[in-house]
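Trainee: I'm new to this one, so please pick a single part and walk me through it slowly. Then show me what else is worth a look.

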Amino acid sequence: MYDAIAQYVTHLIYGYYPYLVGTVFLVGSLVRFDHGQYTWKTGSSQMLSSKHMRLASNLFHIGIIAIFFGHLVGMLTPHWVYEPFLHAGTKQLIAIVVGGIAGAMCLVGGAMLLHRRLFNPRVRQTSSLMDTLILGLLVTQAGLGMVTILFSLGHMDGEMMLTLSSWAQSIVFFSGGAADYMQEVSWIYKLHIFLGLTIILLFPFSRLVHVWSVPLGYITRRYQLVRRRA
């Protein structure tokens, strides 16, 4: 009975939940952009308190960007692409080192930002519940990611990384049977993935939507000459 319930929950969370998350993520972002453009912003509080803000923000953003692209490339690149020149265990070691550095930066910077948002009276007064919640979830997720490194050090053959990659690729490429890969996965990885999916689910309802508005136009726009008034 317990095994049947566990299997059902696994298929629900890791087989169907990702598609619910993806739908809400895309449709929710589109609807918010269309109907709530005045809320499409980061809501910066730097003017209220700039103490340690630059350090915390840089650590957090550099760390989280590195983690995002590391997961994107690492999880969605098929094994056969790098197998001829990179062993799975070596790839896992690289992921641990690079991910550990980026995760530490994200965790420290995020914790500083969260402390500021919770305990700085001026910042707290202008923060919404979602602002605090999403930042708290991101910090928790970074912490869980650091814990998974300890588990990964116990099996450096790369098999767990391949299993998680197979799950992610099955979800993204609609291969079917994705949840089957998660049956024997340790609870820490399951929790890490579930929380990551939940953050993506909340994405359209939080300040994270500003990620869509990366100012790439600044790279190609014409040079602007600013003259002093005579």
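Mentor: Let's start at threonine 39, which sits in the loop between helix 1 (2-35) and helix 2 (53-76). Helices here are DSSP runs of H or I with at least four residues, strands are runs of E with at least two, and both are numbered from the N terminus. What you're looking at is a predicted model, where local features need pLDDT of at least 70 and side-chain atom pairs count only at pLDDT 80 or more, while totals for chains, interfaces and linings use all residues. Residues are numbered from 1 along each chain as its sequence is written, and side-chain values use heavy atoms, with hydrogens and water left out.

Now jump along the chain: histidine 210 is 171 residues away from threonine 39 in sequence, yet their C-alpha atoms are 9.5 Å apart in space.

Next, find arginine 207, in the loop between helix 8 (187-202) and helix 9 (217-220). Arginine 207 has 18% relative accessibility, so it counts as buried. Its side chain makes a polar contact of 3.2 Å with the side chain of aspartate 131. Such a contact is a pair of N or O atoms within 3.5 Å; within protein, one must be able to donate a hydrogen and the other to accept it, and residues adjacent in sequence count only if both atoms are side-chain atoms.

Helix 1 and helix 8 turn up again at the second largest pocket, where each supplies at least two residues of the lining. Helix 1 gives the largest share, eight residues. By type, the lining divides into seven nonpolar, three polar and three charged residues (Ala, Val, Leu, Ile, Met, Phe, Trp, Tyr, Cys and Pro are nonpolar, Asp, Glu, Lys and Arg charged, and the others, Gly among them, polar).

Finally, step back to the whole chain. It has nine helices and zero strands, and 38% of its 230 residues count as buried. Among contacts (heavy atoms within 4.5 Å) between residues at least 6 apart in sequence, 81% join residues at least 24 apart.

Terms used. Buried < 20%, exposed > 50% of the residue type's maximum accessible area, 1.4 Å probe, protein only.
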